[in-house]
Amino acid sequence: MTRKVADCRKFPSDTHCSLTISGEEEEVVRAASEHAVSVHGHADSLELRAQIRELLEDEKVSA
């Protein structure tokens, strides 16, 4: 299974957050939504999780 990455630097933010989360898709969506709520003040919702899921990228493995 391909690991996914959520990079906070790709989201508009006043805090210029640099957190990157990687893992299996559901783990990353859960952790990224918890981070968005606790650090950035977003409301946890299905819409937030869908937006996060859309911005996930495959983890690039260096050789």
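User: Which residue forms a salt bridge with Arg49, with the closest N and O atoms 3.0 Å apart?

Analyst: This is a predicted model, where local features need pLDDT of at least 70, side-chain atom pairs count only at pLDDT 80 or more, and totals for chains, interfaces and linings use all residues. Side-chain values use heavy atoms, with hydrogens and water left out, and residues are numbered from 1 along each chain as its sequence is written. A salt bridge needs a side-chain nitrogen of Lys or Arg within 4 Å of a carboxyl oxygen of Asp or Glu. The partner of Arg49 is Asp44.

User: What is the relative accessibility of Asp44?

Analyst: Buried means under 20% relative accessible area, exposed over 50%, and partly exposed in between (1.4 Å probe, protein chains only). Arg49 is partly exposed at 24%. Asp44 is also partly exposed. Its value is 47%.

User: Which residues do salt bridges that share partners join into one network?

Analyst: Side chains of opposite charge can pair when their charged atoms come close. Here shared partners link Glu25, Glu26 and Arg53.

User: How many residues apart in sequence are the parts tied together by Arg53 and Glu26?

Analyst: The two side chains meet in a salt bridge at 2.9 Å, N to O. Arg53 lies in helix 2 (residues 46–55) and Glu26 in helix 1 (residues 25–40). Helices are DSSP runs of H or I with at least four residues, strands are E runs of at least two, and both are numbered from the N terminus. So the pair ties together parts whose separation in residues is 27.

User: Which residue meets Lys10 in a salt bridge?

Analyst: The N to O distance of this pair is 2.7 Å. Lys10 lies in the loop between strand 1 and strand 2 (20–23), and its partner in strand 3 (residues 57–58), so parts 47 residues apart in sequence are tied together.

User: Which residues line the largest cavity?

Analyst: On a 1 Å grid over the protein atoms alone, a cavity is a set of points where a 1.4 Å probe fits but cannot get out, and lining residues have an atom within 4 Å of a point. The search finds one cavity of 30 Å³ or more, with about 40 Å³ of space. Strand 1 (residues 4–7) gives the largest share of the lining, three residues. The lining is Val5, Ala6, Asp7, Lys10, Phe11 and Leu55.

User: Is Ser33 buried or exposed?

Analyst: Ser33 is found in helix 1. Leaving aside neighbours within four places in sequence, it is in contact (heavy atoms within 4.5 Å) with Asp44, Leu48, Arg49 and Ile52. At 0% relative accessibility, Ser33 counts as buried.

User: How many disulfides does a search of the whole structure find?

Analyst: A disulfide is a pair of cysteine sulfur atoms within 2.5 Å. The sulfur of Cys17 is 3.6 Å from the closest cysteine sulfur, in Cys8, too far for a bond. Both cysteines are buried, Cys8 at 10% and Cys17 at 14%. The number of disulfides found is zero.

User: What is the phi of His16?

Analyst: His16 is found in the loop between strand 1 and strand 2. The residue is exposed, at 69% relative accessibility. Although His16 is not a glycine, its phi is positive, at about 55°.

Conventions:
1 Å grid on protein atoms, 1.4 Å probe; cavity = no way out; pocket = protein on both sides within 12 Å on 5 of 7 lines; lining within 4 Å. Points joined across faces, edges and corners; volume = space filled by probe spheres on them.
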